[in-house]
Amino acid sequence: MTNDFKNYRPATQAVRVGQLRGSEGEHSEPIYTTSSFVFGSAAESAARFSYQELGNIYSRFTNPTVRVFEQRLAALEGGESCVGTASGMSAMLAVCMAGLQAGDHVVSASSIFGASKILLAGLLAKFGVDTSFVDMKNLDAWRAALSPKTRMVFFETPTNPLMEIGDIAAISEIAHAYNTDIKVVVDNCFCTPVLQQPLSLGADVVLHSATKFIDGQGRCVGGAVVGDADFVGDKVLGFMRTAGPSMSPFNAWTFAKGLETLSLRMHQACDNSARIAEHLSETANVKNVYYPGLESHPQYHLAKTQQCKGGAVVSFEVAGGREAAWRIIDQVKLMSITANLGDTRTTITHPYTTTHARWSDEEKAEVGITEGLIRIAVGLEDVEDLIEDLQL
Ligand SMILES: N[C@@H](CCOC(=O)CCC(=O)O)C(=O)O
């Protein structure tokens, strides 16, 4: 059976690309839990290790089950190559280690996920990579921050948790007009390829935390990098071969199966989210609702041009600060109080003291992460039950 599903539509690719069939004729993909692979001779072994002959070598960087997931996600994102990683943060680390060296400069957005900002401003800074953080909505700020040393532009859209939108086409054009060597890297975790495909809008590299919507049931931690064969298939894979923050075959199998139902789950979770966002925007003591599918979102029209629905995360700010926010969180009976998203089960969290706890008060104030902010990552329960669960 052919393994090339290039000419099929996304729904078909999601369930078919990369499918493996072993000697037992199994219908579901097998899980290859093996550390290494056996060669027929020393010469064959040498040819594999030097890449003169393609094939499995060692599961730190070549594993058939991981490859199923990588090929399937690459097809959905429209990329040539994909590399699976141990977590979303290690996907970001792999891209930075593959694409940057001491003396290089990165431009990013001040409103990105807490750990992503710490990776750039803390970890990479220790190794001589400098990052400028700009207001993601301000295209002139992106333009002004670029320098001859800039080698990477990094952002997520929508942002976690304030749902700001980065204009993927415009930011990519600004970066590439300045210097075609700059890699534009977009974290597509919140939208997934079902809602948005950054590579088709001009980005060079897409990142994922597969832990989120791709798994879809909160079981495994993993990540992925998608892009071209030269950067992702060679440089990022080269980093994985050496340093090895690798995806396990079991997790890869879970994510590959998750991709099969991703579209159905995303659409339902987006519809539930839109209903919850509308409800929140009609509630008296809710000060702000952050959801790009609402017409009141300041970037509603931009969001509509690059993502096909509003997404499955809704954040809102209540009057009364931390005390009021914690009261609402502590009263839920159905939602799970946990800092994860993209699960079939709706989760609720207080970003100020969880996902962004490691930021200073000033950093949080700069982007608008207040003590009254609550984030809901909407799942697949009946949306009326979810609305009743919120004692506002
Ligand atoms: N991206 C996820 C993961 C939550 O993980 C954390 O909150 C870790 C916080 C840290 O790095 O200190 C989410 O936003 O829920």
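How many nonpolar, polar and charged residues does the shell around the ligand have, by class? In this predicted model, local features need pLDDT of at least 70 and side-chain atom pairs count only at pLDDT 80 or more, whereas totals for chains, interfaces and linings use all residues. Residues are numbered from 1 along each chain as its sequence is written.

The shell around the ligand has four nonpolar, six polar and one charged residues, where Ala, Val, Leu, Ile, Met, Phe, Trp, Tyr, Cys and Pro count as nonpolar, Asp, Glu, Lys and Arg as charged, and the others, Gly among them, as polar. The residues around the ligand are Phe113, Gly114, Ala115, Asn160, Ser209, Ala339, Asn340, Leu341, Thr354, Thr355 and Arg358, a residue being near a molecule if its C-beta atom, placed from the backbone, lies within 6 Å of it.

Helices (H or I, at least four residues) and strands (E, at least two) are DSSP runs, numbered from the N terminus. Helix H4 (residues 88-99) packs with helix H9 (residues 231-243) at an angle of about 105 degrees, the axes being 9 Å apart; axes are lines fitted to C-alpha atoms, for helices over the stretch in contact, and angles run from 0 to 180 degrees between N-to-C directions. H4 and H9 are therefore roughly perpendicular to each other (65 to 115 degrees). To this contact H4 contributes Ala94, Val95, Met97, Ala98 and Gly99, and H9 contributes Phe231, Lys235, Val236, Gly238, Phe239, Met240 and Ala243, two residues being in contact if their C-beta atoms, placed from the backbone, lie within 7 Å. By class, the contact of H4 with H9 has nine nonpolar, two polar and one charged residues.

The buried residues of H9 are Phe231, Val232, Val236, Leu237, Phe239 and Met240 (buried, 20 or more other C-beta atoms within 10 Å of a residue's own; exposed, 12 or fewer; partly exposed, in between; C-beta atoms placed from the backbone). These buried residues pack against H4 and against strands S1 (81-85), S5 (183-187), S6 (205-209) and S7 (223-227). At Leu237, H9 bends by about 25 degrees, the bend being the angle between axes fitted to the seven residues ending there and the seven starting there.

Leu380, in the loop between strand S12 (373-377) and helix H14 (383-389), is partly exposed, with 18 other C-beta atoms within 10 Å. Leaving aside neighbours within four places in sequence, Leu380 is in contact with Arg265, Gln268, Ala269 and Thr344.

Definitions and conventions: Angles under 35 degrees count as roughly parallel, over 145 as roughly antiparallel, 65 to 115 as roughly perpendicular and the rest as oblique.
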